Amino acid sequence: MTSKLGRTFAATGAAALWPAADAAWANQYNLQPPQTIIANQIYDLHTLIMWIIFGIFVVVFGFMTVAIIKHRKSVGHKAEQFHENTTVEIAWTIIPFVILIGMAYPATKTILAFKDTSNPDITIKATGYQWKWGYDYLNEGVSFYSNLGTPRDQIDGNNVAARNGNPNYLLEVDNAVVVPVGKKIRVITTANDVIHAWWVPAFGVKQDAIPGFVRDTWFRADKVGTYRGQCAELCGKDHGFMPIVVEVVTEDKYAAWIAEQKKKTAAVAVDPAKQWTADELKAQGEKVYAANCVACHQATGMGIPNTFPALSGSKIATGAKEAHMDIVLNGKPGTAMAPFKHLSDVDIAAVITYERNSWANKTGDMVAPADIKAARK
Ligand SMILES: [Cu+2]
């Protein structure tokens, strides 16, 4: 069944069953319109199997209904008394078997196709973090983090009007994945802390991202556009706050984007010999804090009582630098404070310096990137 035929078939069927059904209704309850070969195959399988199930439903319940009405006691029906009917037994073995094979054959073909990650044009590593995605374009040397883009005041309920008017609420990011149209993209998934899953429904892609393991999947987007997905494995407090956005663009635009990213990477690639001043570190640290720490410790540095400790006035954040570096680098096992050693020396030094000199904290000292380098075990 071609996908177009499949969709028409499904839409007609739905409209016949629910006469009030319209396109908007279908979009709200149906699968997202498929944008890749695999998503199309999954869509068609879904439609095909729905119709098989519907057929079985009609036959079984039709048979039952007729039997109940025609053979009821009040019309004086006498039950048949027979045992073992070879014909019936063979029929009810063969028929389900044939139906199952009829479903298993196309399903297996699709599974084999979506497992085939060979010969990609572009390979992107997606790493799940609590709670954001990190992307590495392995051949281009482009790397970035992708954080939730929805403003905090919409999430906290302080700006309900903006939230209600935002069609992409919790489905927008600061840095989207950009890929060219019509190219085979292999996505390698892994995670830094707990299991996450990289899921973009329109591409028919959903792959677990498991710490210490590498899994892969692929897609080839048919059409230019913006496609949205989410982390699909319950991964903690902000599981619903780490969306995925893929921008599918023309090849020219992709080449321009890659060039720009490379320039950016070169611009922020820090000269290892650079001597950071405390003010530079604080300014950088504020950004690192906003991207990594603010969800728990809050912008005010006051944390959330009994859940996330305040850093303002904290013994660790105003005490010995060693203990402060240790908890940021290595986290605290058994608590929500995860290790942040995946951040660069500069970013860790910056965020620590920021914490030691913000809110009520006035240590007046700084931690240099070299200190972090030395403290890494
Ligand atoms: Cu997750």
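Two residues are in contact if their C-beta atoms, placed from the backbone, lie within 7 Å. The exercises below apply to a predicted model.

**Exercise 1.** Describe how helix α11 packs against helix α12, giving the angle and the distance between their axes, and state which residues meet.

*Solution.* Two packed helices are described by the angle between their axes and the distance between the axes. Begin with the geometry: α11 spans residues 321-330 and α12 spans residues 345-356, and the two pack at an angle of about 130° with their axes 11 Å apart. Angles over 145 degrees count as roughly antiparallel and those from 65 to 115 as roughly perpendicular, so α11 is oblique to α12. The crossing of the two helices is right-handed. Turning to the contact, α11 contributes His-324, Met-325, Val-328 and Leu-329, which meet Ile-348, Val-351 and Ile-352 of α12.

**Exercise 2.** Determine the order of the strands in the five-stranded sheet, and identify which strands stand at its edges.

*Solution.* The sheet is open, its pairing is mixed, and its strands follow the order β4-β10-β9-β6-β7. Because β4 (177-180) and β7 (205-209) each have a single partner strand, they stand at the edges, and one side of each lacks a neighbour in the sheet. On average, neighbouring strands of this sheet are turned by 25° against each other, direction ignored.

**Exercise 3.** Characterise the pairing of strand β9 with strand β10.

*Solution.* Strands β9 (residues 225-231) and β10 (residues 244-249) run antiparallel and are joined by five bridges. At the level of residues, Thr-226 has Glu-247 in β10 as its bridge partner.

Methods:
Residues numbered from 1 in each chain as written. Predicted model: local features only at pLDDT ≥ 70, side-chain atom pairs only at ≥ 80, totals over all residues. Axes fitted to C-alpha atoms, helices over the stretch in contact; angles between N-to-C directions. Helix = DSSP H or I, 4+ residues; strand = E, 2+ residues; numbered from the N terminus. Parallel < 35°, antiparallel > 145°, perpendicular 65-115°, else oblique. Left-handed = near helix turned anticlockwise from the far one by under 90°. Pairing = 2+ DSSP bridges.
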